[in-house]
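I open these notes to record what I looked up in the structure, entry by entry.

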Amino acid sequence: MKTTLRVLLILTLGSVPAWAALGQYEASVSADQQYMKSEDHVQVFQAYKVHTLTTPNGTTVREYVSPQGLVFGLSWTGRFMPDLHQLLGNYETNLQTATPAQTQIRHLRGLTVKTSDFVYTNFGVMRMWKGSAYVPSLVPSNVSVEVVR
Amino acid sequence: MNRKIFSTGTFARFFIGVMVLVVLASCGGGSGGSSTSTTITPATNNSVALTVGFGPNGQSSGITNGLFTTVTVCQHGTSNCATIPNVLVDTGSVGLRIVSSEISSLMLPTIADQTQDELVECVQYGDTSYSWGPMQLADVQIAGETASNIAIQALGAAPSSFTVPATCLTTPVNPNLPNGGNEDTVATLGANGILGIGDAAWDCGTSCVGITTGSTYAGYPYYICPTGQACEEIGVPTSDQAVNPVAFFSSSDTNGVMIYLPSVGATGATSVPGTMYFGVGTQSDNALGTATLYAMDPCGYFPTVTYGGLAYTDTSCSSGTGGIGGILDTGSNPLFVSDATTLGSLGISDCAQGTAGYGYYCVTNGPATLSNIALSGYNGVGSGNVSLSIADATTLFTANPTFAVFNNLGTDSGTSPATDFFDLGLPFFLGRTVSIGIAGGSVPNGASAPYGFVAF
């Protein structure tokens, strides 16, 4: 069953990017959707679009798309953390380099990272995870970052 | 062939090493079951000493505001036990997890399926680190309380051939973290184990029962690792999941805990003692008295926290987006409250990278006070105001490097009020008696709190 599913995924991904949403074109959302085996509900606002993906695990991922067609923000909430390797894409390295490595500042619960072009926050107690990430330079000028929620 | 037996998605429990256990039990003799004594049973000793401090790793690499206690783990039905100090007390998780080197003198049966594939759990933490280890059965004793034959996790005891599955490690683990982000040793975990005594009886509950291989997407905790194959997710009955030991105590002190910690001064303290009582309103020493009881919402949070004219509401629980209101958590070493931008008018900012306080709030012109933080319980059960002090973390750490306990350490909960919340972490517990009630347990004073409660 697992093998069959993987084959199907490879076939259906076609020409859209198979990896990453943040900073990528809107087409990458469908790769995430298929990877997460989720429904995709789209809401269109005046200055941006939101794709809401809900996984079979019950985790909800929102992807925020600019008029230029780029994913400028993400948010997630649910009992389990979504696959942030998939969702952060190239921005994964920003998270890794900014993660505090000193023990005194460590807090197991969560982490907020703010750099000039990558803002990330993630917090989890058992059975509840929530977080968001956005790329300030990609947020439309007439849109508040608070829409990423 | 191995997979066939899991096609129903249920996990049949068998024990690796169970024969050893039977032999030991039969040699032990003497305990349990046969007593005909008429002595009146005294009230169960329900209090255990706590310490707030750096923990076993000390000043150099310990945990700031770490809350610790001592737990005794025994082979079921025997007096073959290990007494383990410096176990982190965490009301934000559920389940007892012990670094395996601390229980190496015991031969605890590992939960496995009928082909002897061990049940292994993966826990990833919010800072991108993780723990990984098999589920084992043990008797757990704290103070005079006993939870008999419950599932605990032995951190680091999984065979090295078991590669931690990518479906668990869903957040990019920072390879620069000690031990690559793995928290299965005392040196990396900063504790000999974690005593998860949050507001539920099981760490996953029914969400992990009906799982079939390949059906989960990410973040799932339970796996088996058949010989020669990658580890794969497996459905697990609640009886094999990591459980809240308090909910399974043999006494009547099963509805939660009451934690007392003394106050500390504004510059902090090296360490402070405290006391944890098991049960809330079940004995003379854990009565609520005049404390306000707040019912938690269906997700276990304060549904609304209002501060500075903004309502931080738990919309995640009902709509899957936005904030989570507020929580109480001993396992949060700072106060995760609002965000630095929103609190900027109080002189609060994020401590700069490279400073001692990096990762926490810094404050210009002395400590900032967040007053009149209004807390509301679910369905109006409980309301009240608290105030919090936030000090400059760099000053706190550099002025007194030997201090581990601070009641005014804060950090961001999010990046804007749309996603922010109020996590009243360990600093909030200092100078208070705080009760945490387990969902579904009895509620003192007849209050309506079906999803658990807190009181202080």
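**Entry 1: a hairpin.** I began at the hairpin of S8(B) and S9(B), where 2 residues lie between the strands and B:Ala143 has a positive phi near 55°. I note here that the model is a predicted one.

Entry 2: I then looked up how S8(B) is joined to strand S9 (residues 145–155) of chain B, and found 7 bridges in an antiparallel arrangement. Within this pairing, B:Gln136 is opposite B:Ile152 of S9(B).

**Entry 3: other partners of S8(B).** I asked which residues strand S7 of chain B covers; they are 119–124. S7(B) pairs with S8(B) through 5 bridges, in the antiparallel sense. I recorded B:Gln124 as standing opposite B:Tyr130 in S8(B). The hairpin of S7(B) and S8(B) has 5 residues between the strands, and B:Thr128 takes a positive phi near 90° there. Strand S3 (residues 66–74) of chain B is also joined to S8(B), by 3 antiparallel bridges. For B:Thr72, I found the bridge partner B:Gln141 in S8(B).

**Entry 4: burial of S8(B).** Is S8(B) mostly covered or mostly open? I counted 12 buried residues among the 13 of this strand (residues 130–142), so I call it mostly covered, a residue being buried if 20 or more other C-beta atoms lie within 10 Å of its own.

**Entry 5: a sheet elsewhere in chain B.** I next traced an open sheet of 4 strands, with the order S17-S16-S22-S23 and antiparallel pairing. Why does one side of S17 and of S23 lack a neighbour in the sheet? Strand S17 (310–313) and strand S23 (383–390) of chain B stand at the edges and have a single partner strand each, so one side of each is left without a neighbour. I noted an average twist of 25° from one strand to the next. Inside this sheet, S16 (residues 304–307) and S22 (residues 368–376) of chain B pair over 3 antiparallel bridges. B:Thr304 is opposite B:Ser376 in S22(B).

**Entry 6: chain A.** I turned to chain A and found 4 helices and 7 strands. Read from the N terminus, its elements follow the order α-α-β-β-β-β-α-α-β-β-β. Chain A has 149 residues, of which 48% count as buried. Of its contacts between residues at least 6 apart in sequence, 43% join residues at least 24 apart.

**Entry 7: where the chains meet.** Last, I looked up the contact of the two chains, which takes 52 residues from chain A and 56 residues from chain B. On the chain B side, I recorded 34 polar, 17 nonpolar and 5 charged residues.

Conventions: Residues numbered from 1 in each chain as written. Chains lettered and ligands numbered in written order. Predicted model: local features only at pLDDT ≥ 70, side-chain atom pairs only at ≥ 80, totals over all residues. Contact = placed C-beta atoms within 7 Å. Nonpolar A, V, L, I, M, F, W, Y, C, P; charged D, E, K, R; others polar. Pairing = 2+ DSSP bridges. Axes fitted to C-alpha atoms, helices over the stretch in contact; angles between N-to-C directions.
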